Structures are given as C-alpha cells and as structure tokens.
Amino acid sequence: MSKRTGYVVGGVAVGLVLLWVLPLWAALLIIVGVPVGGYLALDKSQRARLKRVTRKEIGR
C-alpha cells in the first residue's frame with residue numbers, strides 16, 4: 001500500500017467514526033469544514049497555483 005493510499009484509508013476511517021459518534025450535522029461540518037478551512041488559509045498566490053495544477057500533481 002502506498003503512502004497516499006494509507007492517508008486515504010485513514011481519512012475514510014476517521015470520517016466513518018465521526019459519522020457514527022457525532023450527530024450527522026456535526027460530522028458533516030467537520031468533514032467539509034477542515035478542507036475548506038485549509039483552502040481559505042492559503043494566500044492569494046497559493047490559491048492561484050492550486051487552481052492551475054491538475055489533481056494528480058497535488059501532493060507531490
């Protein structure tokens with residue numbers, strides 16, 4: 001299993017645990033809010049660069 005696959009499996013597992021432990025609205029708020037918060041934490045040039053690259057290039 002590659003490193004990236006391990007991260008994906010871990011993220012899915014955490015998401016499922018959150019859905020099981022927390023109410024649906026709270027789990028969805030965390031699952032959606034963390035990536036959105038990370039994107040908003042980028043500065044203007046980083047956001048522009050992120051929009052230019054393809055999905056396969058993200059994380060290299």
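The following paragraphs lead through a predicted model of a protein, from its overall fold to its surface. Residues are numbered from 1 along each chain as its sequence is written. Local features need pLDDT of at least 70, side-chain atom pairs count only at pLDDT 80 or more, totals for chains, interfaces and linings use all residues, and side-chain values use heavy atoms, with hydrogens and water left out.

The protein has 3 helices and 0 strands, in the order α-α-α along the sequence. Here helices (H or I, at least four residues) and strands (E, at least two) are DSSP runs, numbered from the N terminus.

Leu 18 belongs to helix α1, which covers residues 3-21. When neighbours within four places in sequence are set aside, Leu 18 is in contact with Ala 27, Ile 30 and Ile 31; contact means heavy atoms within 4.5 Å.

Of the 60 residues in the protein, 7% are buried. Buried means under 20% relative accessible area, exposed over 50%, and partly exposed in between (1.4 Å probe, protein chains only). Leu 40, in helix α2, is exposed because its relative accessible area is 52%.

Leu 40 also belongs to a nonpolar surface patch of about 890 Å², whose members include Val 8, Leu 24 and Leu 28. Such a patch is made of residues with over 30% relative accessible area and no salt bridge, with nonpolar side chains (Val, Leu, Ile, Met, Phe, Trp, Tyr) joined within 5 Å; a salt bridge is a side-chain nitrogen of Lys or Arg within 4 Å of a carboxyl oxygen of Asp or Glu. Helix α2 gives the largest share of the patch, 6 residues.

Note on methods:
Patch = residues over 30% accessible without salt bridge, like charges linked within 9 Å, V, L, I, M, F, W, Y side chains within 5 Å. Areas by Shrake-Rupley, 256 points an atom, 1.4 Å probe, with all protein chains shown as cover.
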